[in-house]
Amino acid sequence: MTNVFSQQGDSVSLMALLDGKEQRAKLQRELCQQYHQTLLSVTVIAPGAVKRNPLLSYVFKQALCRLNSLFKQLNVKPTKSIVCSTESGDEAFFVLPIDAKRLKQEAIILEETSPIGRLWDFDIFTPNGDLVGRNNLGYSPRDCLICGDNAKSCARSRQHSLSELQNAMFQRVAQHQLGLFTAKKVRRALWKEASLTPKPGLVDRDNNGAHQDMDLHTFIKSIKVLTSFWQRFVWLGCRTALSPPQQVLPELRKLGLEAEQAMFKATQGVNTHKGGIFAFGLTCAAIGRCWTLEQAMNSIQICTTVSDFCCGISQELNESNVLTAGIRIFQHYGIKGARGEAELGFPLVRDCSLPYLKEQLNQHIPLNQALLKTLLMLFVNNQDSNVIHRGGIEGLAWFQGRAKQTLSYVSMYPERLMSELTSFNQECIEKNISAGGCADLLALTYFFFIFFN
């Protein structure tokens with residue numbers, strides 16, 4: 001990527017840079033005077049004399065994309081918008097009917113929740129033309145791209161070379177693209193699991209399974225709102241790559257709680273993906289860590305990294321003062337559930353469901369049928385705490401026995417797969433049994449398959 005700067009884009013003279021800065025300031029004053037509303041001015045931080053090239057254009061377009069989403073979220077429509085490309089770089093101006101301090105706060109959140117946010121320069125002016133700084137809202141000055149100290153101090157002292165700053169930019173952009181790529185794969189995997197039909201006891205295209213409070217549309221809302229969080233989990237893994245893995249878990253939990261709150265807001269309090277947030281949050285962060293440390297990018301290494309994050313997490317089942325369903329199940333039966341699976345690096349996925357899915361597909365079995373059979377395999381092998389919570393240990397024994405019987409039967413008579421699953425589903429509805437943990441593991445299985453293929 002280092003050739004993007006050296007081979008693309010012309011150097012801009014100092015006079016042209018100063019002239020561009022003067023023209024930008026003039027336009028800012030005119031827009032404030034004409035509209036008497038808050039003004040947002042957008043540029044890209046570009047060390048060196050090259051101010052326009054494909055990489056910088058990418059960073060600028062991503063800023064506009066995030067801002068457009070923010071405007072929709074805030075339900076605010078620009079009174080005036082100007083987007084232009086000058087000799088000194090890409091620029092945008094948005095006149096907005098919103099309080100300047102509130103907009104500045106939202107802009108800071110955008111900057112701090114993306115690896116390329118540090119490359120965006122959002123200047124916000126009051127209707128009177130006064131610049132709203134980070135210090136006006138109690139925020140510290142922006143950090144240096146490289147060392148984390150005060151950016152202005154580093155710039156004044158020329159603490160870092162131009163090549164170091166440009167390499168830091170390349171790294172941020174690469175992290176951003178990794179996050180986008182991973183998030184798209186997670187979204188695809190979650191949608192595939194949700195829409196797969198028929199799934200015994202679970203929500204699918206045909207019915208709600210053993211659930212009264214959710215349907216496929218609830219899952220669609222949840223999947224949509226969670227997409228940006230998968231990117232943030234990847235970036236968190238990149239940012240904390242040099243930290244001891246067990247020190248990363250508290251930060252993952254903090255972001256996970258934020259994701260849960262967003263999910264509950266979108267679904268009106270329905271738990272569609274709490275287990276998925278746990279599993280995929282860990283996995284996405286592991287991907288970011290492995291990529292940053294230049295470790296092998298395969299399912300084994302990623303699962304090992306998840307295990308490193310979660311070392312000792314099952315001990316919480318002995319120490320927690322909160323008596324959750326999972327803790328009650330552990331106390332009665334010694335089953336560690338999702339914590340135990342993550343602590344061991346998802347062995348059910350790594351050693352069972354993922355190889356089984358690949359085997360089915362290698363036999364030219366259609367994808368949906370292969371996934372349904374993989375789900376049955378997970379039913380048989382996973383001591384799903386959701387099943388125990390709903391049906392007790394006796395319900396788990398029945399459920400796993402029924403799944404084993406079904407899997408054996410449809411392996412001999414594949415044409416009966418759909419009818420057998422439909423019958424199994426009706427029995428699960430009658431017994432009020434749903435294996436939500438297995439659904440999460442199936443989504444993770446499919447994610448690993450599509451991420452590396």
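This is a predicted model: local features need pLDDT of at least 70, side-chain atom pairs count only at pLDDT 80 or more; totals for chains, interfaces and linings use all residues.
Contact here means that heavy atoms lie within 4.5 Å of each other. By that criterion, and not counting residues up to four places away in sequence, Glu-111 touches Gly-117, Arg-118, Trp-120, Phe-122, Arg-134 and Arg-142.

## The protein as a whole

The protein has 18 helices and 5 strands, and its C-alpha trace spans about 80 × 50 × 45 Å along the principal axes. Of its 453 residues, 50% count as buried. When contacts between residues at least 6 apart in sequence are considered, 71% of them join residues that are at least 24 apart.

## The sheet

The strands form an open sheet of 5 strands in the order β2-β3-β1-β4-β5, with antiparallel pairing. Its edge strands are β2 and β5, each of which pairs on one side only. Strands of a sheet pair through backbone hydrogen bonds, either parallel or antiparallel. The pairings of this sheet are set out in the table, each with its number of bridges and an example of two residues that stand opposite each other.

| Strand pair | Bridges | Residues opposite each other |
|---|---|---|
| β2 and β3 | 7 bridges | Ser-85 and Asp-90 |
| β1 and β3 | 5 bridges | Leu-40 and Phe-94 |
| β1 and β4 | 6 bridges | Val-44 and Trp-120 |
| β4 and β5 | 2 bridges | Ile-124 and Val-132 |

Strand β3, which covers residues 89-96, is paired with β2 (residues 80-86) in the antiparallel sense, and these two strands form a hairpin with 2 residues between them. Strand β3 also runs antiparallel to β1 (residues 38-44), and in that pairing Thr-38 has Leu-96 of β3 as its bridge partner. How many of the residues of strand β3 are buried? The count is 8 of the 8 residues, so strand β3 is largely enclosed by the rest of the structure.

Helix α2, made up of residues 14-35, lies across β1, β2, β3 and β4, and it runs at about 10° to β3. Helix α4 lies across β1, β3, β4 and β5, running at about 175° to β4.

Glu-111, with which this report began, is found in helix α4, whose residues are 100-112. Is this residue buried or exposed? Glu-111 has 7% relative accessibility, and because buried means under 20% relative accessible area, Glu-111 counts as buried. Among the residues that Glu-111 touches is Trp-120, and Trp-120 is also the residue of β4 that stands opposite Val-44.

## A pair of packed helices

Two packed helices are described by the angle between their axes and the distance between the axes. Helix α6 (residues 162-195) and helix α7 (residues 216-239) pack at an angle of about 150°, and their axes are 8 Å apart. Since an angle over 145 degrees counts as roughly antiparallel, α6 and α7 are therefore roughly antiparallel to each other. The crossing in which α6 passes α7 is right-handed, and the contact of α6 with α7 has, by class, 15 nonpolar, 7 polar and 2 charged residues.

## Two further residues

Thr-267 has its place in helix α8, which covers residues 245-267. Its relative accessible area is 4%, so Thr-267 is buried. Leaving aside residues up to four places away in sequence, Thr-267 touches Thr-218, Ser-222 and Thr-272.

Gly-337 is found in helix α13, made up of residues 337-343. With a relative accessibility of 27%, Gly-337 counts as partly exposed.

How values were computed: Residues are numbered from 1 along each chain as its sequence is written. Side-chain values use heavy atoms; hydrogens and water are left out. Axes are lines fitted to C-alpha atoms, for helices over the stretch in contact, and angles run from 0 to 180 degrees between N-to-C directions. Helices (H or I, at least four residues) and strands (E, at least two) are DSSP runs, numbered from the N terminus. Angles under 35 degrees count as roughly parallel, over 145 as roughly antiparallel, 65 to 115 as roughly perpendicular and the rest as oblique. A crossing is left-handed if the near helix is turned anticlockwise from the far one by less than a right angle, and right-handed if clockwise. Ala, Val, Leu, Ile, Met, Phe, Trp, Tyr, Cys and Pro count as nonpolar, Asp, Glu, Lys and Arg as charged, and the others, Gly among them, as polar. Buried means under 20% relative accessible area, exposed over 50%, partly exposed in between (1.4 Å probe, protein chains only). Two strands pair if DSSP finds at least two bridges between them.
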